[in-house]
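Here is a friendly briefing to read alongside the model. Have the sequence and the 3D view open, and turn the view as you go.

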Amino acid sequence: MPDRPRILVATGPVDATADLVIDELNRRRVPLARIDTGAFPDLVNLSARVGADGWTGEIASGSRAVRLEDLRAVYWRRPSAYPAEVAAPGAPRAFASREARAGMAGVLYSLPHVTWMNHPHAIIACTKPTQLAAFVRAGLAVPDTWIGNVPERHGAFCAEGPTVSKTLGPITYDGPDGYRVLYASRVPPEHYGDPRARATANLLQREVAEKVAEYRVAVVGERLFISELHACGPYLDIRAVNADNVVYKPGTLPDVVQEAIRTVTRGFGLLFAAWDLLRDEEGTVWALELNPAGQWAFTPDSDEICNAIADHLEEAAHA
């Protein structure tokens, strides 16, 4: 009989990044269970009982199951939101979602001796405002930034120089006007002090002029994997550039920047983070943001990153 899974990979049904790590762990014959915890209660079952040793029981989805008392590592990628569909007839969706999250997440988060990559609480705490403040404390250069909903202050900030508008959360938008991706965009003069700024929090950032390179840095524990990105032609947000027009190559960053990256990542309690930075013509490296569940499969060091993540999970599983 094969060993019972000691690793839970929590992610949605389509996740090419998680697939790479799972394939590597399977190659190493490390037992794991891939379960979309957000599909609870429709496609996932939870049965847990608390006792002297904490929670015991099982999380299962089809033929995949993990016993809570065996769990030693959780690779928390991108599970669906709770719940995928409301299982109980007539149950209000908001209530069902809240109860599902409190039950599934509450049990998982309380398990002892579990290594998280990354713990959801750490992910939630890693907002853009907290990131930017942490970057500054660590000595990293950060573009001048304003967050607020006061149209007059919005206009005054924009008038000081070229300004970029960014989202504070995910760049995807699913609303009454359909599904959209909201990349960073320049604020035109006619939108300075736009009264619509009153409706919510807005993030404005001074555009870094004459950038010569961008960086995606994958952090796994204390290891840094630095990729330098160059796009063909003028662009503002490299994510909006066709992948065929982006060149990726191994990169380097000053030691002081590398150490600051480690310090900030460690400070947020993250074992993994994907950083975005850029360098201008004068050689200044600007820290833009970090993503606790960012992508890395497109980078030159993808195999090494995959192995480093698998090393952490395997070590935790055998602890």
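Helix H4 (residues 128–137) lies across strand S17 (272–280) and S18, running at about 140 degrees to S18. Here contact means heavy atoms within 4.5 Å, and axes are lines fitted to C-alpha atoms, for helices over the stretch in contact, with angles from 0 to 180 degrees between N-to-C directions. Helices (H or I, at least four residues) and strands (E, at least two) are DSSP runs, numbered from the N terminus. This is a predicted model, in which local features need pLDDT of at least 70 and side-chain atom pairs count only at pLDDT 80 or more, while totals for chains, interfaces and linings use all residues. Residues are numbered from 1 along each chain as its sequence is written, and side-chain values use heavy atoms, with hydrogens and water left out.

**The antiparallel sheet**

- Five strands form an open sheet in the order S16-S15-S14-S17-S18, with antiparallel pairing; two strands pair if DSSP finds at least two bridges between them.
- At its edges are strand S16 (246–250) and strand S18 (285–291), each pairing on one side only.
- Neighbouring strands of this sheet are turned against each other by 25 degrees on average, direction ignored.
- Strand S14 (residues 211–220) and strand S15 (residues 223–231) run antiparallel and are joined by 7 bridges.
- Across that pair, arginine 216 stands opposite serine 227 in S15.
- Helix H6 (residues 255–267) also packs on the sheet, where it touches S14, S15, S17 and S18; its direction makes about 145 degrees with that of S17.

**The parallel sheet**

- Strand S1 (residues 7–10) and strand S6 (residues 73–76) run parallel, with 4 bridges between them.
- Isoleucine 7 has alanine 73 as its bridge partner in S6.

**Cavities and a pocket**

- Rolling a probe the size of a water molecule over the atoms shows where empty space is left.
- On a 1 Å grid over the protein atoms alone, a cavity is a set of points where a 1.4 Å probe fits but cannot get out; a pocket is an open set with protein on both sides within 12 Å along at least five of seven lines; and lining residues have an atom within 4 Å of a point.
- Grid points are joined across faces, edges and corners, and a volume is the space filled by probe spheres set on the points.
- The count comes to 2 cavities of 30 Å³ or more.
- The largest cavity holds about 60 Å³ of space, and its lining includes Lys166, Leu203 and Glu289.
- H4 gives the most to that lining, with 3 residues; H4, S13 and S18 are the elements that give two or more.
- The second largest cavity has a volume of about 40 Å³, and among its lining residues are Trp76, Met117 and Asn118.
- The second largest pocket has a volume of about 790 Å³.
- Its lining has 25 residues, of which Ser165, Lys166, Leu182, Ser185 and Asn202 lie nearest the centre.
- S13 gives the most to the lining of this second largest pocket, with 3 residues.

**Backbone details**

- The peptide bond from phenylalanine 40 to proline 41 is cis, with omega near 10 degrees; proline 41 is found in the loop between S2 and strand S3 (45–51).
- Methionine 117 and asparagine 118 are also joined by a cis peptide bond, with omega about -5 degrees; asparagine 118 sits in the loop between S7 and helix H3 (120–125).
- Arginine 29 is not a glycine, yet has a positive phi of about 60 degrees; its place is in the loop between helix H1 (16–27) and S2.

**The whole chain**

- The protein chain has 7 helices and 18 strands.
- The C-alpha atoms of the protein chain fill a box of roughly 65 × 50 × 35 Å, taken along the principal axes.
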